[in-house]
Amino acid sequence: MDFAKYGQLRFERRDNGVLLITMDRPDKYNAADEQMHGELARVWTDVSADPQTRVAVITGAGKAFSAGGDLAMVERMAGDHDRVAHMLSEMSDLVYNIINCEKPVISAINGVAVGAGTVVALLADISICANDARIGDGHVKLGVAAGDHAAIIWPLLVGMAKARYYLLTGEMVDGVEAERLGLVSKALPREEVLPEALRVADVLGSGSQPAIRWTKRALNGWLRMAGPIFDQSAAYEMLTFMGPDVVEGAAALRDKRAPRFPSAHPTGG
């Protein structure tokens, strides 16, 4: 791997073929701007092809795992067809590249994970989450359809009733509840998250590589079958980026107030 071509991901090689990847924008709570989103989309192809890597662990620098999409990026995308079309392609790469990565991926969810952060956190093959971390998909609160990873993985992890509830309301869950629901593999005190993720990575890195990789490939057949559902949700998300609600949703987030979506007040009342 050519680590030099990544500016917002930090890499550390460890024993047993473990590659630790850290999202490194701590001052922005590792929110994904255009650069980081692009790096997260392509890094899994590099991990898959890298002969020195047997398992990847991804975490966030500082207090957060990833606070989703950078708000300034959202504002730049709103109503911009070319940016939206590019994001649709890149979003698909991010989801499918994680699913198709030959090597197992472990997420060490050390803090809040929303939006693009939740994609990586939950599409990882094994997810280790802090008890006090907050996880959610807040697309509807921004005024866009829940695309990204949501429709492809939430129903498989927590069942349709819970998936509908959390994706339609945009409510968050903490790590303890996420483990109870089956949204994450394991929840632990925050200081134990990364050590446990690295311990599990050592187990996978020192195990039978064909057995582990082909087990992953078979299990992810469930996600590949759901590919058309993801493609539809991603298109719907990008379609809502071309409407007025996302403009109001972004403004409300920036002003720290409740949104007043045009679609919910069609006559201005």
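**Helix packing and residue surroundings**

Trainee: Which residues of H7 do Ala-150, Trp-154, Pro-155 and Val-158 in H6 meet?

Mentor: Welcome! This is a predicted model, in which local features need pLDDT of at least 70, side-chain atom pairs count only at pLDDT 80 or more, and totals for chains, interfaces and linings use all residues. Contact means heavy atoms within 4.5 Å, and helices (H or I, at least four residues) and strands (E, at least two) are DSSP runs numbered from the N terminus. On the H7 side, the partners of these H6 residues are Met-160, Lys-162, Ala-163, Tyr-166 and Leu-167.

Trainee: How many residues in the contact of H6 with H7 are charged?

Mentor: The classes are nonpolar (Ala, Val, Leu, Ile, Met, Phe, Trp, Tyr, Cys and Pro), charged (Asp, Glu, Lys and Arg) and polar (the others, Gly among them). This contact has 8 nonpolar residues and no polar ones. The number of charged residues is 1.

Trainee: What is the packing angle of H6 and H7, and what is that orientation called?

Mentor: Axes are lines fitted to C-alpha atoms, for helices over the stretch in contact, and angles run from 0 to 180 degrees between N-to-C directions. Helix H6 (residues 150–158) and helix H7 (residues 160–169) have axes 7 Å apart and an angle of about 130 degrees. Angles under 35 degrees count as roughly parallel, over 145 as roughly antiparallel, 65 to 115 as roughly perpendicular and the rest as oblique. H6 and H7 are therefore described as oblique.

Trainee: Is the crossing of H6 and H7 left-handed or right-handed?

Mentor: A crossing is left-handed if the near helix is turned anticlockwise from the far one by less than a right angle, and right-handed if clockwise. For H6 and H7, the crossing is right-handed.

Trainee: How do H3 and H4 lie relative to each other, and which word describes it?

Mentor: The axes of helix H3 (residues 81–100) and helix H4 (residues 116–123) come within 10 Å and cross at roughly 15 degrees. That angle makes H3 and H4 roughly parallel.

Trainee: Which residues of H3 and H4 make their contact, and how many are nonpolar?

Mentor: H3 contributes Leu-94, Val-95 and Ile-98, while Val-119, Val-120 and Leu-123 come from H4. No polar and no charged residues take part. The nonpolar count is 6.

Trainee: What span does helix H9 reach from its first C-alpha to its last?

Mentor: H9 covers residues 190–205, which is 16 residues. The expected span is 1.5 Å times one less than the number of residues, and for H9 that expectation is 22 Å. The span in the model is close to this, at 23 Å.

Trainee: Where is Arg-25, and is it buried or exposed?

Mentor: Arg-25 sits in the loop between strand S2 (18–23) and helix H1 (34–49). Its contacts, not counting residues up to four places away in sequence, are Gln-8, Asn-30, Ala-31, Ala-32, Asp-33, Met-36 and Asp-70. Buried means under 20% relative accessible area, exposed over 50%, and partly exposed in between (1.4 Å probe, protein chains only). With a relative accessibility of 12%, Arg-25 is buried.

Trainee: What separates the C-alpha atoms of Met-73 and Ala-31?

Mentor: Met-73 belongs to helix H2 (residues 71–77) and is buried, at 5%. Leaving out residues up to four places away in sequence, it touches Ala-32, Asp-33, Glu-34 and Met-87. Met-73 and Ala-31 are 42 residues apart along the chain, and their C-alpha atoms are separated by 9.9 Å.

Trainee: What is the relative accessible area of Val-184?

Mentor: Val-184 lies in the loop between helix H8 (175–181) and strand S10 (186–188). Beyond its neighbours within four places in sequence, its contacts include Ile-109, Leu-122 and Cys-129. Val-184 is buried, and its value is 6%.

Trainee: Which residues does Arg-213 contact?

Mentor: Arg-213 is in helix H10 (residues 209–219) and counts as buried at 17% relative accessibility. Leaving aside neighbours within four places in sequence, its contacts are Thr-53, Arg-54, Glu-102 and Lys-103.

Trainee: What is the phi of Lys-256?

Mentor: Residues are numbered from 1 along each chain as its sequence is written, and side-chain values use heavy atoms, with hydrogens and water left out. Lys-256 is in the segment after helix H13 (245–255) and is exposed at 76%. Although Lys-256 is not a glycine, its phi is positive, at about 55 degrees.
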